[in-house]
Amino acid sequence: ITLGQNITVGNLSITDDNNYTIKGNTLTFDINTGTAATLAVSGGGDPIIQSAVTLNDNISISSASGSNLSITGAFTGNNHSITVAGAGNTALTGGTTTTGALIKNDGGTLTIGGSSNSSFGSVTVNKGTVLLDAGSSKTAVTSGNITVNSGGTVLLGANNQIGNTVNMVLNGGTFSTGDTVGYSETLGTLTLSANSVIDLGTGSDALVFAASNGISWTGTLTITGWVGTAGSHGGGTQGEIFFGSSAGTLTSTQLSKIDFTGFGQGALLLSNGQLVPMAAVPEAKVAFGVLLLVGGIFWQERRRIFSFFHKAPVA
């Protein structure tokens, strides 16, 4: 479908299974009713919008299960919000710019990437996955804080996909550095508002947060996939996590809320800001068993010990 001139619509519905391609001039959404415009894919096809897209209202984008909607044209939201829902997948790969919010609902995957940087007033992931994959030379989220709620996941698909000043709020969700191979990322502060997860991929990568010791944390932060040596003389051998570049960038209370899977509760910061698990401490039962063993050896050897010091047999 070629747009021979700029077209303005209130709603656009694609219902067939065909793989429509819309190209040509600009496609503008302007509902003029005080409600959000809609772009809905209810068939099982994989439509592509190559035209530039402009918003004059908020928009709700949805893809049904089995559908894959791709918007490859430049997406200009102005000051309007973009809500992405549905069990299907949506990709914004032409560069998306809005001072409004980006909101991800339902179970599908939203991919943010392409040949241009993308910026938002804020990013909130309520459900499903937001994949950040703008390649090696572009940034998927250059501005606006990222909040990941319970049931939501932010997944890195390349290095350096988040702006260095973008803060993250984990409110029950998951931040993953990669499905398999992990990617490096530097971003702003980390706020923990509920039990949440940081999932590290394999390979040599570094996740660097800004110093977050001035922020109150609630809940437990579980870190999975960490490989290395615990304790003050340890360090990660694959995915590494840093808070700033020195010790003191997290409080002792925050460190007590961190649980490294396979190492247990509690963490510490090395002098370079690297976060590592506490060195293993023997459990009470193990320590008690060691004391019993030492006591038993002493009882068996008591005559020899007393004879050595007193030069006389013990009665």
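A residue is called buried when its relative accessible area is under 20%, exposed when it is over 50%, and partly exposed in between, using a 1.4 Å probe and protein chains only. Five of the six residues of strand β18 (residues 128-133) are buried, so this strand is largely enclosed by the rest of the structure. The model is predicted: local features need pLDDT of at least 70, side-chain atom pairs count only at pLDDT 80 or more, and totals for chains, interfaces and linings use all residues. Residues are numbered from 1 along each chain as its sequence is written, and side-chain values use heavy atoms, with hydrogens and water left out.

**Terms for strands**
- Strands are DSSP runs (E, at least two residues), numbered from the N terminus.
- Two strands pair if DSSP finds at least two bridges between them.

**Partners of β18**
- Strand β16 (residues 109-113) pairs with β18 in the parallel sense over five bridges.
- T109 has T129 in β18 as its bridge partner.
- Strand β20 (residues 152-156) runs parallel to β18, and five bridges join the two.
- L132 has L156 in β20 as its bridge partner.

- Three bridges link β2 to strand β5 (residues 27-29) in the parallel sense.
- T8 stands opposite T28 in β5.

Definitions and conventions:
Helices (H or I, at least four residues) and strands (E, at least two) are DSSP runs, numbered from the N terminus.
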